[in-house]
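Q: I'm new to reading protein models. Could you walk me through one, feature by feature?

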Amino acid sequence: MIRDLGNGFELDDDPARIDVASVHRFLTEQAYWAIGRPYELQERLIREATRVVGVYRDGSQIGFARAVSDHNSFVYLADVYVDPAFRGHGLGIELVREMVENGPLSNRRWLLHTSDAHDLYRKFGFAEPDFKLMERPVQPPPGGNAGSGS
Ligand SMILES: CC(C)(COP(=O)(O)OP(=O)(O)OC[C@H]1O[C@@H](n2cnc3c(N)ncnc32)[C@H](O)[C@@H]1OP(=O)(O)O)[C@@H](O)C(=O)NCCC(=O)NCCS
């Protein structure tokens, strides 16, 4: 699927098109949840994702989102970003819309974590969970570091 957004911008869910180095550079340097994430891990997360959506400007990667699902109970949305130079023009909304509403996973229960983008996700039906949802946080190994969240 390629969706033309005009002005040289497009969305594409072809995993082979993802510029792994570009995605890794952004996430590891600028995303609070992925600082220091090893390249090999980022490569695997993309390879094993149920669906990835890239945002491209004149063919260059400027945004990304990744979803993981068991195709039954849940979909987890992670690693959503738009390059700072292109923010504030609706690309983030279209990226999340494409992933959540237009794709093959649209009729599943979606989960995510966010520190500050709640209102972005509210536009697509995300809300604080009710009492049925429980979470087991990362358990720090004795004397070691906790793993990363998303
Ligand atoms: C979040 C992000 C993807 C939004 O991309 P964007 O292209 O600037 O977003 P849009 O222009 O489509 O607008 C996003 C909408 O969500 C709203 N929003 C809510 N919280 C937001 C937040 N923390 N950051 C950006 N937008 C936010 C905006 O106000 C806007 O709504 P509006 O059009 O009604 O004003 C981008 O700011 C980003 O990459 N941030 C850093 C990474 C990040 O925090 N990702 C989310 C992790 S859960």
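A: Let's start with burial. A residue is buried if 20 or more other C-beta atoms, placed from the backbone, lie within 10 Å of its own, exposed if 12 or fewer do, and partly exposed in between. Here, buried residues make up 23% of the 150 residues in the protein. Keep in mind that this is a predicted model: local features need pLDDT of at least 70, side-chain atom pairs count only at pLDDT 80 or more, and totals for chains, interfaces and linings use all residues. Residues are numbered from 1 along each chain as its sequence is written.

Q: How many helices and strands does the protein have?

A: Helices (H or I, at least four residues) and strands (E, at least two) are DSSP runs, numbered from the N terminus. This protein has four helices and six strands, and from the N terminus on they run β-β-α-α-β-β-β-α-β-α. The radius of gyration is 15 Å, close to the 15 Å that the globule rule gives for 150 residues, so the protein is as compact as a globular protein of that length. That radius is taken over C-alpha atoms, and the rule is 2.2 Å times the number of residues to the power 0.38.

Q: Which residues touch the most other members of the largest nonpolar core?

A: In soluble globular proteins, nonpolar side chains tend to be buried together. A nonpolar core is a set of buried Ala, Val, Leu, Ile, Met, Phe, Trp, Tyr and Cys residues joined through C-beta atoms within 7 Å. The largest one here has 22 residues, and Val53, Val55, Ala65, Leu77, Leu95, Val96 and Met99 touch the most other members. Helix H1 (20-30), strand E3 (51-57), strand E4 (60-69), E5 and H3 each give this core at least two residues. Take Leu77: leaving out residues up to four places away in sequence, Leu77 touches Ala65, Ala67, Met99, Trp110 and Leu112. Touching, or contact, means that the C-beta atoms of two residues, placed from the backbone, lie within 7 Å.

Q: Which residues of H1 are buried?

A: Val23, His24, Phe26 and Leu27. They cover an arc of only 165° around the axis, which puts them on the same side of H1; the arc is that of the directions from the helix axis to the C-beta atoms. On the other side of H1, Ala21, Glu29 and Gln30 are exposed. The cover over the buried residues includes helix H2 (39-48), E4 and E5.

Q: What is phi of Asp58 near?

A: Most residues other than glycine have a negative phi, and most peptide bonds are trans. Phi of Asp58 is near 50°, a positive value. Asp58 lies in the loop between E3 and E4 and, with 9 C-beta neighbours inside 10 Å, counts as exposed. His71 also has a positive phi, near 60°, and lies in the loop between E4 and E5.

Q: And how many residues surround the ligand?

A: A residue is near a molecule if its C-beta atom, placed from the backbone, lies within 6 Å of it. For this ligand there are 16, and the closest are Arg87, Gly92, Ile93, Thr114 and Leu120. Strand E5 (75-82), helix H3 (91-102) and helix H4 (118-122) each supply at least two residues of the shell. The shell divides into eight nonpolar, five polar and three charged residues. For that tally, Ala, Val, Leu, Ile, Met, Phe, Trp, Tyr, Cys and Pro count as nonpolar, Asp, Glu, Lys and Arg as charged, and the others, Gly among them, as polar.
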